[in-house]
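Biologist: I would like to learn how to read a structure step by step, so please take me through one slowly.

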Amino acid sequence: MESLYNKYRPTTFDQVIGQRHVVETLERAVRERRVSHAYLFCGPRGTGKTTMARLLAKALLCQQGRGKLPDGSCEDCRLIAAGSHPDVLEIDAASNTGVDNVRDQIISRASYAPVRGDYKVYIIDEVHMLTPAAFNALLKTLEEPPAHVVFAMCTTDPQKILGTVLSRVQRFDFHAISDNDLQAHLVQLCAQEEIGYEPAALELIARSARGGMRDALKTLEQLALYTGKNVTLDAARDMLGETDAHTLGQVARALAARNVPVLFSQVASLVEAGRDLLRFANDLASHLRDVYVVSAVGADRGVLPAAADDIAGLSAEAAAFADPDRVARALEVLADAVGEMRSTTNQRLVLEVALTRISRPKSDLTLEAVAERVGSLERSVRALASPTGVAAASRAAGVGEPAPVPAVHVPQAPMPDPMPASGPVPGTESESVSGPAPVPKPPAPANVPSDLQRKWRNVVEKVRAASSAKGSLLANAVLEADDGETLSIAFPPGSRFVLQMLRRDDVKTLLRTAIAEVFGPRSFEGHESADVVPVPAAPEPAYEIPPAPAAATPEPAAVSKEADYEPTPLSAYESAAVAEPGLEYEPMPWNDVPEEPVPAPIPVIEERPATWDEPAQGVSPAGASEAMQADPHPGEAPAPVDGLEVATPDELAGIAAMLEGAFGRGVSIVVEEPDRVGKDAVESVGNGSFGGYEDYDGEDDFSDEDD
Ligand SMILES: [Zn+2]
């Protein structure tokens, strides 16, 4: 049985589907008798390039005569359609790439006069497949073509064609045929062939053909055979392996929620069902494209494809992704995966890795992934920096009052506790200006039983005394309840990183010990709570307070310019983003230090040879601490530099672990000279090394997809 594609191949120009720009130009050339000697038809497969070449040959050889459009029915036209016209030579370069074949068929025969008509037409399919030598042979003929010779060359890959050939041809670019045109043609064929169909099935076939008529007709033909001339949507889905919209929606939502387990189980069930994973990846990409459109311009019917019928679902998915850039990155990763899946033997692995990369940008070191992470950091920094003015009360404390108003900058927090003026807080009086580096107190809700809060503060103090880095994890923690067995500790939203850190054995042990000393034996449980608001940022005027190292008030000099850049271990990843040059600085919660000095800028590891290698300065590695503490420019450096302290190796390790947890491996810390400390103290040098720090177990990967 003749294939539908051949049976319904256009025999005249007006039967061509799509490609009007090509048809009209060629028709005009034929009518005006201005046919050139060489044409190049470029375009995706199945878009009618060879058909057009044959139509051109008919136009030249049809018995209608010159200057007329071919009728498609005379003997010459029929011979050309059948591929048996003696003056029309079809060469498939994909199978005749040898220079000898081209020489035989082109050079040796081109000069012979045509047999039947006035022209000899050479149709060369996939002309880019010719070897350079074959191309050169062709080029020679193209340079001085005999008057009766016309070349119609077709290619899906014009990039591979030599410029010397391109400059001698008239080029036409064929477009993918629109889904609507394809579908209309299928409807017409079904009527002619008496094939029953569900319109949705033809729509699916058209969409799947991706602009190629040949693919569309092949699919229709197979389905007609398979279903006994009754093409249903189910059968079409089965044959084409199209993933239904429901599954695609589920996968998109899992990607948005960074739910990797769901993604893996979806892939597993696709594999079980024998689905084509490449096809699935393509379907997912086109689904995400719709999500991207909705995310970028809203759910406007005009810009969405007709097939996208679940506008509400798309809108929900766009909202779940939150940011069009996230969807765009997902599309990029998917596109890479699709390319890789074409050539790999393990499509499943490639797909799973891609889905994981989309869900977990932290496991991905591409620029786009880093950009996504910075974007989400910026969002959390903004969220943190728009103080609500008060720490919301914990639920346990039963304070229903605060209902913080976002974006209201309250210079002096009305709540008593965060500000030192309201009275000394146990455990803080002893801190001196140059004392160890504590971090801001957790906001204590106003009406919380003061005894409980005081004890909790004690715990925090103890942890902090043991390790300021670990103590800082508790900076925003609020004790919610103590039932005699378990302490319930609440953290502000967005503290998943801190919670993750609390699961580390060393942190857990330290906190348990401190709790046991204050409350007696207890376990503890940490969770995020919307009721807890991070310590509010300091108001601008706070920065104007002159550095007063030995001030009479317990107010430390630490509230100074240097404090701006203080990377507080608590939120090392946020602060690193802030300290990064070029990122706009926004006041951070920890800048407002009520009663304690801010920890000194982290002089983590001195990588500058100057300090270590120049004994002339009297600095030895052992003396590095002293060197760091000495103010090298007494006259100009801000006073607080005097208060610099050197973190202990434990603290360094803790800070580094947190940075690594937040940014992944590849982060290390560089410390500038003391007078630059704080300006850009945290840098990534990208080698992942961190001297003296080795006990990181590599498992505390910060992941914000934990729910
Ligand atoms: Zn004819």
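Biologist: How many residues does the largest nonpolar core have, and which have the most contacts inside it?

Modeller: This is a predicted model, in which local features need pLDDT of at least 70, side-chain atom pairs count only at pLDDT 80 or more, and totals for chains, interfaces and linings use all residues. Residues are numbered from 1 along each chain as its sequence is written, and side-chain values use heavy atoms, with hydrogens and water left out. In soluble globular proteins, nonpolar side chains tend to be buried together. A nonpolar core is a set of buried Ala, Val, Leu, Ile, Met, Phe, Trp, Tyr and Cys residues joined through side-chain atoms within 4.5 Å, where buried means under 20% relative accessible area (1.4 Å probe, protein chains only). Here the largest such core has 32 residues, and Leu255, Leu284, Leu288 and Leu351 have the most contacts inside it.

Biologist: Which helix gives the most to this core?

Modeller: Helices are DSSP runs (H or I, at least four residues), numbered from the N terminus; α14 gives the most, with eight residues.

Biologist: Which protein donors does the zinc ion have?

Modeller: Donors are N, O and S atoms within 2.8 Å of the metal (3.2 Å for Na, K and Ca), and water is not among the atoms, so sites may look incomplete. The zinc ion has Cys62 (SG), Asp71 (OD), Cys74 (SG) and Cys77 (SG), lying 2.1 to 2.2 Å from it. Both Cys62 and Cys77 are buried.

Biologist: What spacing do these donors follow along the chain?

Modeller: The donors of the zinc ion follow C-x8-D-x2-C-x2-C.

Notes:
Buried means under 20% relative accessible area, exposed over 50%, partly exposed in between (1.4 Å probe, protein chains only). Helices (H or I, at least four residues) and strands (E, at least two) are DSSP runs, numbered from the N terminus.
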